[in-house]
Every structure is written in C-alpha cells, then in structure tokens.
Amino acid sequence: MLTGIPASSGAAIGPFFLLNTDIPVADAQQSQLSTEQETQSLTAAIARVGADLDARAARTTGELHEILIAMAEIATDPAIAEEAEAFIAGGRTASYAMVKATEVFQELLTASGGYLAERVSDVANIRDRVLCEIAGISYPEIPHFDVPTVLIAQDLSPADTADLETDKVLAIVTAGGGPTSHTAIIARSNGIAAIVACPGVVQAAIASPNATVAVDATTGDVVFNPDSTVKSAIENKIEKIKARKSRTVSRSKDGYITTDNVVVPIYANIGRIEDTVAAVTAGADGVGLLRTELLYLDRSDAPTLQEQTAIYTELFTPFNNQKVIIRTLDAGADKPMAFISFDNEPNPALGVRGYRTINKHENLLRTQLQAIAAAAKATKAEVWVMAPMITLPEEAKNFVAMAKEYGLEKAGVMIEVPAAVFLADEITKVCHFVSIGTNDLGQYLHAADRESAALAGFNDPWQPALLRAVHQIAQAGIKNNCPVGVCGEAASDPTLASVLVGMGVSSLSCSVATLTDVAQAITAHSSAQLNQAGKAAVGANTASQAKNAARNELVELANLGL
Ligand code: PEP
Ligand code: MG
C-alpha cells in the first residue's frame with residue numbers, strides 16, 4: 001500500500017495506465033551545427049509548442065483554458081529564448097540550451113515562491129514539449145481509454161490533460177504535485193478522485209503492469225492488486241459516495257443546518273470572476289474570502305478607482321442578499337505586486353506585506369476602500385471588508401475606522417499572525433468580525449514556510465498548536481459577541497471543518513471544489529457531536545491523534561464515504 005495526499009475526494013478500483021513522460025534528452029552538449037542552425041531549430045520548436053498550447057487552450061474552457069493560455073505565453077516569452085540563445089552562442093546544442101535556460105527560469109520562479117513557484121512544473125512541461133519538437137519525436141500523450149482507467153503519472157501538466165476524456169478516467173494518482181497543483185485543480189473541477197505526492201507510485205506501476213489498483217482519495221491510500229478485503233471496502237466506499245452525491249442537505253437562507261437546527265453559513269473563497277458562478281452553483285451562502293490581489297498579480301500599474309469599482313461590482317452582483325467578505329490587497333511575500341514598492345527584504349514573509357504596506361501606500365488602500373464602497377452601493381450584496389496580516393489591536397482599530405470613513409460599516413480583520421491570537425480578546429472588541437487564516441497562521445506558529453515540501457508536517461492544519469489557537473480565538477469571539485470565521489484551507493477539509501464549528505467558529509469559507517463535501521459533513525451531525533469533536537481535537541497532543549479523536553465523534557463521516 002502506498003500513501004499520498006488526497007487532492008480530490010472519491011474512490012475507485014480498476015485497471016491503470018502509466019503515463020510515461022520521460023523525455024529522451026539529447027546527450028550532446030556541444031553542437032556540430034552552426035549557431036544559426038541551432039537557433040533556427042530552437043525558434044521553430046518553441047513556435048510549434050506555443051501554437052499547440054494555444055490550440056489546446058481553444059479546445060478547453062474554464063480554469064484549464066486560462067492555465068493553457070498562460071502556458072502558451074510562458075513558452076513564447078522571449079526571455080526563455082534569449083537565455084537559450086546565449087547558450088547556443090557558446091557552442092551548445094538547441095536541446096541543451098533549452099534545458100539550461102529552463103533551469104535558470106525555474107530557479108527564478110522557485111525563489112519567488114507562492115503562485116510563481118507553482119509555475120515551475122509548467123515550465124518543465126514546456127521544456128519537454130520543445131525537446132520533443134527539436135528531436136522530431138512525438139510527445140507522449142494520454143491515449144484514449146476503452147474502459148474506465150486509473151491514470152498514474154509522475155506529474156501531470158495542464159497541457160497533458162487538455163484532451164482528457166474525463167468520463168473514462170476513474171482516478172488520477174501522481175508521484176509529484178501538491179494539493180494546490182494543477183492536477184488537483186483539474187481533478188476537482190471534473191469530479192475525478194485524485195491523490196498527489198504519492199512517492200513510489202510510478203515504480204509500483206512499472207513493477208505490476210497488469211495489476212488492478214484501488215484508490216481511496218479520502219485517506220490517500222493506493223493499493224496495487226488489492227485483496228478481497230480491500231476490494232470490498234473500496235466498493236463499499238464507492239457506493240456511499242454515490243449515495244452522498246444524491247443526499248439532500250438541510251439549508252435555510254442563512255446557512256446550512258445541523259441535525260439539531262443550528263445554522264452554519266458556508267461561504268466560498270474566490271479570486272476571479274469565473275469563480276462566482278462556480279460558488280453559486282456549489283451552494284455557497286456567499287463569499288467568505290475574496291482575494292483581491294489575485295485580480296492584479298500581472299498589473300504593472302495600480303488599478304484605478306473606476307477599474308476597481310467595475311470589477312468589484314461584477315464580483316458582488318451574483319450574491320444578491322448574501323454576504324461577500326472582500327479582503328483588501330494582500331500583497332507581498334509570495335504575492336509580489338509591481339505597483340507596490342517593497343524594500344529588498346531578506347525575509348519577505350516576515351516583511352512588509354498585507355496591511356503593513358499602508359506605511360508607503362495608504363492611498364492605494366483608500367482607493368480600494370472607496371471602490372469597494374461604490375460597488376457595494378451598486379449591488380444587493382451585503383459587503384463586509386477585511387484587512388490581511390493584522391498583528392496588533394491598534395491596526396485593527398485603525399482599519400475599522402478607515403473603512404467607516406468610506407461608509408463600509410462592517411469591517412474586520414484576518415487573524416493569521418501569532419501575536420494576534422494572544423491579542424484576540426482586544427481585537428474581537430474593536431472589529432465587527434474576524435476571519436482566521438489558518439494557512440499563514442500555521443506557517444507563522446511553526447516558523448515553517450507554507451510552500452516548503454520538507455516542512456509540510458508543520459503546516460498540517462491538524463497540528464495541536466493551530467487547533468488550540470483557533471479555539472482561543474473562537475472563544476474570544478463568543479465572549480465579545482464578534483463572529484469568528486475560518487477562511488484558510490483548514491475549512492475545506494470536511495472533518496476539520498466540523499471540528500472548527502465544534503470549537504466555536506461561527507462560519508466557514510472553503511474552496512468551491514470542496515464546499516458540498518463540507519456541507520454534507522456539517523449537516524449530517526448535531527451541534528453536540530460537532531462540539532464533542534472540537535473538544536476531542538483540542539485535547540489531542542499530535543495532529544494524527546486530533547484527527548482520529550475527532551473522527552471517533554463524527555460518526556456519520558464514514559457513512560457518507562468522507
Ligand atoms: C490564510 O492565510 O489562511 C489565508 C486565507 O490567506 P492566504 O492563503 O491568501 O494567505
Ligand atoms: Mg494569509
């Protein structure tokens with residue numbers, strides 16, 4: 001049995017196909033041809049790959065379409081060609097030059113961290129496609145499957161999945177990738193079970209070419225040649241998942257309802273116009289986190305008041321009489337923005353980011369608040385505004401006062417810095433609400449970069465320190481009558497989301513892809529069961545103990561195949 005990270009819920013059993021993307025890299029480093037010939041070969045290969053990616057983009061829609069357009073742009077970005085041409089000028093072959101230029105590019109992306117670091121695998125796939133073009137061989141594509149099949153790969157690029165026959169793919173298992181990788185995104189948007197970061201899966205597939213494979217994307221387990229016990233357990237789970245999909249959940253206009261009639265609003269996290277439709281379709285009670293910086297990552301100049309008003313209006317419009325919690329720009333660290341000047345910081349995650357950029361860019365914040373207020377007036381959404389990276393009650397107080405200047409009556413802050421946890425009592429006295437950012441709070445509590453695979457254990461949202469911090473904030477909120485939500489990824493895990501509510505959190509905001517599973521978990525239990533699970537988790541000493549203790553209380557999860 002192998003174990004990876006569940007990336008898209010579900011379970012499957014069946015034959016598998018191993019996608020072999022080992023590209024034969026030309027050994028020759030020194031060119032026997034002229035510089036012009038090598039350059040021409042490279043330029044032609046890049047142009048063909050760019051055109052092919054554009055064609056793939058044209059055949060797709062939604063998120064995949066956007067990703068492929070971005071990949072085509074990266075492929076034809078003159079920066080890569082120029083870097084490679086410098087190697088060719090030094091007498092290298094086009095293939096070797098492409099490999100080296102890609103390395104330079106990947107190092108830059110990795111050093112930038114966050115969203116840019118996630119582009120590293122896209123660049124690798126572009127390189128492989130260009131190498132195939134130069135060598136005159138065809139790139140190994142996913143074939144047509146006659147029967148539903150589990151797809152196994154080292155990693156999958158969005159370009160690999162453009163023509164995926166989703167009804168023929170039982171599940172996806174990759175050795176690489178992470179829960180936010182493209183494989184995960186694509187699997188979730190197509191409702192395909194997926195497990196990522198599963199070491200050894202490629203070797204196991206090579207060792208047992210004709211095996212049946214059982215995939216449990218709720219636990220992360222992958223079993224080659226399962227025995228009858230594993231087989232029947234998986235088949236049982238598949239049945240439960242099927243039944244869950246057709247189970248109706250109790251809901252009122254204010255939120256989802258536990259079995260003893262306690263209302264829990266479940267909002268969606270969004271960052272783009274396309275997400276609004278997906279959020280409404282998934283049954284979101286509104287938006288619990290609108291990440292505005294994602295709208296402007298590629299801008300070189302600051303968006304104007306008019307531009308901002310227009311896009312916020314468009315984003316609020318689908319949420320008639322529903323809440324939209326919009327966050328002011330969380331720029332800096334892994335989300336650098338060209339129109340905000342950052343000093344050369346040795347440690348950007350601990351530097352001037354989020355609300356702290358007010359020191360040099362107060363007008364930017366004011367313009368944003370003005371635009372949010374104008375958009376709120378123009379629509380029927382109930383707009384609340386919040387600031388990221390708040391450390392002190394003083395900052396929270398100033399932000400709430402500034403929002404009020406623009407007529408934004410409901411203002412709050414994110415709690416994602418450890419100091420703010422200890423000061424939660426004071427902060428919940430000066431805000432109209434707070435929202436816990438478990439992604440950053442986890443990384444800062446454990447002094448462990450949230451992007452680091454080597455430190456992933458510290459960033460496990462079940463870590464006792466994080467659970468106790470959330471509990472402390474929730475209790476401060478209850479005491480001071482200040483709603484406390486969670487909008488970090490912790491709220492997207494149905495089991496953990498149940499625990500958060502049990503600890504006193506009053507609303508959840510999760511990724512659109514997991515919202516229905518979270519709603520299923522909440523509505524299947526009573527508030528007493530959720531409270532017991534919260535208590536059990538807070539009392540645990542390790543992440544796995546916390547999860548097991550909570551699952552013992554949340555007895556309906558197994559019946560739902562969650
Ligand atoms: C968080 O830190 O948990 C959060 C929701 O904010 P972001 O992931 O955008 O930093
Ligand atoms: Mg954050």
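In this predicted model, three strands make up an open sheet whose order is S9-S10-S11, and their pairing is antiparallel. Its edge strands are S9, residues 251-252, and S11, residues 263-264, each of which pairs on one side only. Strand S10 covers residues 255-257 and is joined to S11 by two bridges, the two strands running antiparallel. Within this pair, Tyr 256 has Val 264 of S11 as its bridge partner.

A second open sheet has eight strands, in the order S1-S8-S7-S3-S4-S5-S6-S2. Its pairing is mixed. Strands S1 (2-3) and S2 (5-8) stand at the edges; each has a single partner strand, so one side of each is left without a neighbour in the sheet. Strand S3 spans residues 11-19 and strand S7 residues 212-216, and five bridges pair them in the antiparallel sense. One position in this pairing is Ala 12, whose bridge partner in S7 is Val 215. In general, the strands of a sheet pair through backbone hydrogen bonds, in either a parallel or an antiparallel sense.

The remaining topic is ligand 1 and the residues around it. The space that ligand 1 takes is the second largest cavity. Two elements give two or more residues each to the shell around the ligand: strand S13 (286-291) and helix H16 (438-446). Helix H16 supplies the largest share, three residues. In total, 14 residues surround ligand 1, and the closest are Arg 291, Arg 327, Gly 437, Asn 439 and Arg 450. Sorted by class, the shell contains seven charged, four polar and three nonpolar residues.

Which distances separate oxygen atoms of ligand 1 from side-chain N or O atoms of Glu 416, Asp 440 and Arg 450? For Glu 416, an N or O atom of the side chain is 3.0 Å from an oxygen atom of the ligand. For Asp 440, the corresponding distance to a ligand oxygen is 2.9 Å. For Arg 450, which is also listed among the closest residues, a side-chain N or O atom is 2.7 Å from an oxygen atom of ligand 1. On its own, ligand 1 has 290 Å² of accessible area, and the protein covers 99% of that area.

Technical notes:
Residues are numbered from 1 along each chain as its sequence is written. Chains are lettered from A and ligands numbered from 1 in the order in which they are written. This is a predicted model: local features need pLDDT of at least 70, side-chain atom pairs count only at pLDDT 80 or more; totals for chains, interfaces and linings use all residues. Side-chain values use heavy atoms; hydrogens and water are left out. A residue is near a molecule or strand if one of its heavy atoms lies within 4 Å of it. A polar contact is a pair of N or O atoms within 3.5 Å; within protein, one must be able to donate a hydrogen and the other to accept it, and residues adjacent in sequence count only if both atoms are side-chain atoms. Accessible areas come from the Shrake-Rupley method with a 1.4 Å probe; for residues, only the protein chains shown count as cover. On a 1 Å grid over the protein atoms alone, a cavity is a set of points where a 1.4 Å probe fits but cannot get out, and a pocket is an open set with protein on both sides within 12 Å along at least five of seven lines; lining residues have an atom within 4 Å of a point. A molecule sits in a cavity or pocket if more than half of its atoms lie within 2 Å of its grid points. Helices (H or I, at least four residues) and strands (E, at least two) are DSSP runs, numbered from the N terminus. Ala, Val, Leu, Ile, Met, Phe, Trp, Tyr, Cys and Pro count as nonpolar, Asp, Glu, Lys and Arg as charged, and the others, Gly among them, as polar. Two strands pair if DSSP finds at least two bridges between them.
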